[in-house]
Amino acid sequence: MNLKISALDFIQEVKNGNISAEDFVANTIERIQSVDDKLHAFLYVNEKAIEQAHEVDKKVKSGGKVGSCFGMPISIKDNICIKDTKTTCASKMLEDFVASYDATVITKLKEQDAIFVGKVNLDEFAMGLTTEFSAFGPSKNPWNNEYVPGGSSGGSAVSVSAFECVASLGSDTGGSVRNPASFCSTVGYKPTYGLISRYGLISYANSIEQIGPLTRTVKDTAFMLNMISGIDPNDNTTIDDKNEDYLSEIDSGIEGKKIGIIKEMIGGGIDPAVLSATNNAISKLESLGATCEEVSLDMVKYSVAAYYTITATEAGSNLARYDNLRYGYDFPVEGYEFNSYISKARRNFGPEVKRRMIIGGFVPSAGHAGKYFLKALKVKSKLTKEINDAFKKFDLLITPTVPILPFKIGEKIDDPVSLFLVDINTVTANLTGKPAISIPFDNSNGLPIGIQLMANSMHDKLLLQAAHALEQTVTLPEIPI
Amino acid sequence: MVTEEEIEHVSKLMKIDVDDHKEYVDKVHTMIDYFDILDSAGVESEEITIPEIPIANLRDDEYIPFDDKLIEKLNHYKGTYVRAPKMSS
């Protein structure tokens, strides 16, 4: 059985009766069992997946109403709640937490007969960009097991690229979908802020994070967006996309479109192979009829500092709930004083989460807020103005997704500032609420390179059309597993 | 410039033990020092824009009963209350 097919091809094959969802899911589970010891994408595998796929097949055979996913096997980042399923956030703190409700995205996918094959690894509470901060051990890059797969949605990207599922859902707070997509050679999408409900996504930094799909093709991403986007009464930040069909007209091309090349994202520190791939992508877009020109966003150089200041502040507040009384690690209350009890419970957070919580207590505190938090909010406002001005002139913006190639596991873990700078090209979309996509574009000595395109808010359809056009120009090597 | 004492004080307020000085105080120090770059952004006169959601767009403020008895999922549930540790030592 060919597990490498796209989501849309899978659906067509099941519809036509060429394959059964049950066989495909059973082969997918076998695949997970054979490769995941090495890759460690999965934290939990759904033992009922095959049985659930069998039920979908029964509906197909009986001519009953079948959901649009036709039993497609999907993996879910383990910070998105599935009712009656463990949702750990890759943290010892939530090691035994079983979600009591479905996230809205899960409800929508269940209604469309998707099959969840399992929950996948992440940096603890989505704080990181390598999965090295998972309390349950890092995931490995399928292109080279000595290298990080990116993060924080590393398990999602690994599971898609290693054919352990057809598509995955991750979450993107500062690049956490696009970064691993780039490092593992999959498509990764961060929608316009509010396009996808965050209800049931365990909060890290509510004001900027979004759930997003990781898939093999841009068309699959458009399909996933059709499944999960839209207004939700349980998330007041969602926006009404009027049931937009992101897949229709995806072949529209980009002739006549104006594309800005963000100067600050192709500057110092960029790997020569990444720069060369970016220039190649620009040439290809021009050959498709777009015009490309440099644009400067001055605030980009301050964006990473602003991003970490804002996200740490929100994390400090969001993670206050893990006091072991409402959520958290289980041990008896007898013999403890209130504060020492909570401190003991919080020992179950990993080092990066603790560091960000300390920062989250510090940067908005009286005496320091003016220097850090308020200034970060001002940078966010000014960056938003700059990018809005850019979109008056340009339809799209282009950058490399990550300025460097995937690096070895352990290489940067002790250097927080060098890790910060890996985010330099991705945080802008989060701080400004714009949609952004990473497309697999090149490969340097066996390590993938992704290209990022951004569009103005609610121009997700245009963004997908452009990404699809660029994707059609690319031929990439087969993954060596 | 942030001092180590300030970091240790905030850690205590956040109820986080910083027994491993290198892992926490030193690294947090490095991270916060990096944020000093914000001083050169020249944004002092910039206004902070906050996205506003019209009240009409919010769902009605009505009690929506939950299917499960949520309180029973808490670890230290006793009858109709949750047991917490005593407030003073």
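Trainee: At what angle do helix H2 (residues 21–39) and helix H3 (residues 49–62) of chain A pack?

Mentor: At about 165°, with their axes 7 Å apart. Axes are lines fitted to C-alpha atoms, for helices over the stretch in contact, and angles run from 0 to 180 degrees between N-to-C directions. Helices here are DSSP runs (H or I, at least four residues), numbered from the N terminus. This is a predicted model, where local features need pLDDT of at least 70, side-chain atom pairs count only at pLDDT 80 or more, and totals for chains, interfaces and linings use all residues. Residues are numbered from 1 along each chain as its sequence is written, and chains are lettered from A and ligands numbered from 1 in the order in which they are written.

Trainee: Are H2(A) and H3(A) roughly parallel or roughly antiparallel?

Mentor: Roughly antiparallel; that label is for angles over 145 degrees. Their crossing is right-handed, meaning the near helix is turned clockwise from the far one by less than a right angle.

Trainee: Which residues make that contact?

Mentor: H2(A) brings Ala21(A), Glu22(A), Val25(A), Ala26(A) and Ile29(A). Among those from H3(A) are Ala49(A), Ile50(A) and His54(A). Contact means C-beta atoms, placed from the backbone, within 7 Å. By class, the H2(A)–H3(A) contact has eight nonpolar, one polar and two charged residues. Nonpolar covers Ala, Val, Leu, Ile, Met, Phe, Trp, Tyr, Cys and Pro, charged covers Asp, Glu, Lys and Arg, and the others, Gly among them, are polar.

Trainee: What about H7(A) and H15(A)? How do they pack?

Mentor: H7(A) (residues 218–228) and H15(A) (residues 460–471) pack at about 160°, axes 9 Å apart. That makes them roughly antiparallel. H7(A) passes H15(A) in a left-handed crossing. H7(A) contributes Val218(A), Lys219(A), Thr221(A), Ala222(A) and Leu225(A). From H15(A) come Asp460(A), Leu464(A), Ala467(A), His468(A) and Glu471(A). The classes here are five nonpolar, two polar and three charged.

Trainee: New topic. How many residues of H5(A) are buried?

Mentor: Eight of the eight residues of H5(A) (residues 154–161), so the helix is largely enclosed by the rest of the structure. Buried means 20 or more other C-beta atoms within 10 Å of the residue's own, with C-beta atoms placed from the backbone. Among the buried ones are Gly154(A), Ala157(A), Val160(A) and Ser161(A). Phe163(A) follows H5(A), with a positive phi near 60°.

Trainee: And the largest nonpolar core? How many residues?

Mentor: It has 171. Such a core is a set of buried Ala, Val, Leu, Ile, Met, Phe, Trp, Tyr and Cys residues joined through C-beta atoms within 7 Å. Those with the most contacts inside it are Met72(A), Ile74(A), Ile358(A), Leu396(A) and Leu453(A). Helix H9 (residues 300–318) of chain A gives the most, ten residues.

Trainee: Give me a residue in H9(A). What does Ile310(A) touch?

Mentor: Leaving out residues up to four places away in sequence, it touches Ala205(A), Ala376(A), Leu377(A) and Lys380(A). Ile310(A) lies in H9 of chain A. It counts as buried because it has 26 C-beta neighbours inside 10 Å.

Trainee: Back to Ile358(A). What is it in contact with?

Mentor: Chain B residues, once neighbours within four places in sequence are left aside: Ile7(B), Val10(B), Ser11(B), Met14(B), Ile16(B), Tyr24(B) and Val28(B).

Trainee: How many residues does each chain put into the A–B contact?

Mentor: Chain B puts in 43 and chain A 45. On the chain B side, the elements giving two or more residues are H1 (4–13) and H2 (22–34). H2(B) gives the most, eight residues. That side divides into 24 nonpolar, eight polar and eleven charged.

How values were computed. Parallel < 35°, antiparallel > 145°, perpendicular 65-115°, else oblique. Contact = placed C-beta atoms within 7 Å. Buried ≥ 20, exposed ≤ 12 C-beta atoms within 10 Å, placed from the backbone.
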